[in-house]
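Me: Could you walk me through how to read a sheet and some helix packing? I'd like the general idea before the case at hand.

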Amino acid sequence: MSTHAKRERLLFADLLETTGPDATTLCEGWSTRDLAAHVVVRERRPDAAGGILIKQLASRLDRVMEEFAAKPYEELIQLVRTGPPRFSPFSLKQIDEASNTIEFYVHAEDIRRAQPDWSPRELDHVFQDALWSRLERTSRLMGRGSPTGLVLRRPDGRTAVAKRGTPVVTVTGEPSELLLFLYGRQQVADVELEGDKDAITKLHETKQLGI
């Protein structure tokens with residue numbers, strides 16, 4: 001595992017441990033135990049993880065997630081910390097960094113920002129740039145369900161078009177916050193929105209952002 005993915009994995013595991021198995025998360029209907037089970041199944045059970053994207057496999061995914069969620073919570077956390085087995089594609093350094101950096105950052109914030117006393121996490125510019133690089137590559141995939149045209153803008157003026165169309169809403173913020181917004185966490189993302197008022201309302205309320 002390479003630097004960013006490994007760090008975010010361990011931070012996520014630490015949050016799971018400190019909040020306990022029954023804490024709420026931003027993932028509707030999921031506790032921290034459910035979120036931990038999701039991450040473990042994604043890495044360790046490719047036969048079931050396809051249900052994340054393929055509706056026909058969703059029931060199998062649900063069954064396997066229930067099996068993992070029933071394990072002792074400490075065991076789940078240890079499975080998160082140790083990472084994927086050797087046969088998993090996620091064990092490959094490049095795939096781990098490309099896929100898991102965002103996965104663990106977003107899910108850590110799913111825990112952090114669901115707690116009543118949460119506080120912002122300060123991120124260094126190297127990590128912000130790494131997140132921006134991923135945003136540039138995936139913004140059109142993540143933003144394809146936007147009900148409006150959607151432009152992402154960093155405070156320094158750099159932009160990425162998530163969806164072409166009119167009216168256009170421009171969302172400005174640090175890459176970490178833009179990432180949360182684009183992954184459907186609009187209500188907790190620290191961003192500023194510019195554009196048509198009705199379009200902004202639709203964008204804030206849509207559940208079609210992300211995968």
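Reply: Start with pairing: two strands pair if DSSP finds at least two bridges between them. Keep in mind that this is a predicted model. Here, strand 1 (residues 149–153) and strand 2 are joined by four bridges and run antiparallel. Within that pair, leucine 150 sits opposite lysine 163 of strand 2.

Me: Which order do the four strands of the open sheet take?

Reply: The order is 2-1-3-4, with mixed pairing. Strand 2 (159–163) and strand 4 (192–194) are the edges, each pairing on one side only. On average, neighbouring strands in this sheet are turned by 25° against each other, ignoring direction.

Me: Which helix lies across these strands?

Reply: That's helix 8 (residues 175–182), which lies across strand 1, strand 2, strand 3 (168–172) and strand 4. Helix 8 runs at about 155° to strand 1.

Me: Now the helix pair. At what angle do helix 1 and helix 5 pack?

Reply: For reading such angles, over 145 degrees counts as roughly antiparallel. Helix 1 (residues 3–19) and helix 5 (residues 73–82) pack at about 170°, their axes 9 Å apart. The two helices are therefore roughly antiparallel to each other.

Me: Which residues meet there?

Reply: From helix 1 you've got Arg9, Leu10, Phe12, Ala13, Asp14, Leu16 and Glu17, and they meet Tyr73, Ile77, Val80 and Arg81 of helix 5. Sorted by class, that contact has seven nonpolar residues and four charged ones, with no polar residues.

Key
Residues numbered from 1 in each chain as written. Predicted model: local features only at pLDDT ≥ 70, side-chain atom pairs only at ≥ 80, totals over all residues. Heavy atoms only, no water. Axes fitted to C-alpha atoms, helices over the stretch in contact; angles between N-to-C directions. Parallel < 35°, antiparallel > 145°, perpendicular 65-115°, else oblique. Contact = heavy atoms within 4.5 Å. Nonpolar A, V, L, I, M, F, W, Y, C, P; charged D, E, K, R; others polar.
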